[in-house]
Amino acid sequence: MKVRNQRDAEKPGLVMTPMIDIVFQLLIFFIMTFKIVVQEGDFNIKMPAAAMSEGLPDDTLPPLRLRMTADQAGNLTGMRLNDKNLGNSENRFHKLHNEILNIVGDERGPGSVAEEAEVELHCDYDLNYSYVIQAITAVSGYISEDDRVIKLIEKIKFKPSREQG
Amino acid sequence: MRIQRPKAGVEEGDMTPMIDIVFQLIAFFMVLVNFTDAEQDERVKLPSSELARPPDGLMEVPLTLQLTKSGTVIFAGEEVPVEAMDHYLLREAQIIEAQGNTVAEATVIVRAHEEAQTGKVQELIKKCQDNRFEKFALRAKQEEESG
């Protein structure tokens with residue numbers, strides 16, 4: 001009987017090509033759909049229908065009126081907190097923040113000015129929304145050195161805006 | 001003289017390290033892939049705020065309204081003028097009530113473009129109020145703290 005030389009027999013190699021094809025396709029899929037998602041957060045506002053048109057009668061503190069004016073392109077042209085003009089310089093929101101800090105003081109918790117005070121936003125119709133968010137940021141708190149959010153005034157309401165034109 | 005035949009067969013490189021790396025890359029992208037961003041839309045670029053931190057918990061009854069720069073609302077995949085939102089908001093209010101919740105406890109998440117007109121945002125809020133919504137969340141994207 002003739003015995004075959006087993007050394008010469010071909011090794012059954014694993015075919016890698018289809019797997020590599022699929023793996024690369026998966027890789028391309030995940031790379032193409034990869035999107036860095038920016039963290040988002042909310043400013044919570046409780047605003048029933050009556051609060052938009054009329055002030056709440058039982059408020060102990062009069063609301064702080066923040067008037068924001070805009071040009072036709074939507075740029076902020078002026079800002080005024082009650083009767084105080086905050087100007088239109090780069091640090092206007094910083095000034096607003098300092099004003100709010102002065103009004104609110106260091107006291108926090110139930111019954112404090114921070115909890116009772118309310119800010120009314122009077123904005124021009126055309127004003128870019130980003131300025132409103134900047135103003136709400138300046139009014140509603142700041143980040144402390146230990147990276148905590150320190151809240152200031154949380155009650156915010158919109159007054160009907162002045163029509164465009 | 002005897003000439004040696006060259007060995008038949010193709011020289012194959014070792015594929016193992018490459019496959020290792022490729023699988024690691026796939027695992028990386030699979031873990032980071034985000035399927036929960038259904039409410040995000042390319043047409044809306046949110047304003048940024050340093051106080052915009054992700055909420056601690058999920059909202060119980062959320063309703064997301066996206067306002068574009070041109071003042072239309074992206075709602076259920078279509079762009080609707082703010083003036084025509086009553087119909088949609090009424091329907092949403094009915095759905096919320098049919099689910100056993102009250103409209104007042106629903107939170108309207110306003111995702112408005114940073115260059116949208118504030119007046120349009122207010123009009124949208126007014127429409128929601130007319131349909132008995134009371135709680136609003138103005139959404140902003142997180143900004144790196146400056147200074």
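Predicted model: local features only at pLDDT ≥ 70, side-chain atom pairs only at ≥ 80, totals over all residues.

A: Two strands pair if DSSP finds at least two bridges between them; strands (E, at least two residues) and helices (H or I, at least four) are DSSP runs, numbered from the N terminus. Residues are numbered from 1 along each chain as written, while chains are lettered from A and ligands numbered from 1 in written order.

Let's begin between the chains. Strand 1 of chain A (residues 40–46) pairs antiparallel with strand 6 of chain B, with 7 bridges. Along that pairing, Gly41(A) sits opposite Ala140(B). The wider contact (C-beta atoms, placed from the backbone, within 7 Å) draws on 43 residues of chain A and 44 of chain B. On the chain B side, helix 1 (16–32), strand 5 (107–112), helix 3 (118–130) and strand 6 (135–142) each bring at least two residues.

Now for pairing inside chain A. There, 5 strands make an open sheet with mixed pairing, in the order 4-3-2-5-8. Strand 4 (84–87) and strand 8 (155–158) of chain A are at the edges with a single partner strand each, so one side of each has no neighbour in the sheet. Further in, strand 2 (residues 64–70) and strand 5 (residues 118–123) of chain A run parallel, joined by 5 bridges, and Leu64(A) faces Val119(A) across them.

How far can you trust chain A? Its mean pLDDT is 80, with 82% of residues at 70 or more.

Notes:
Contact = placed C-beta atoms within 7 Å. pLDDT = per-residue confidence, 0-100.
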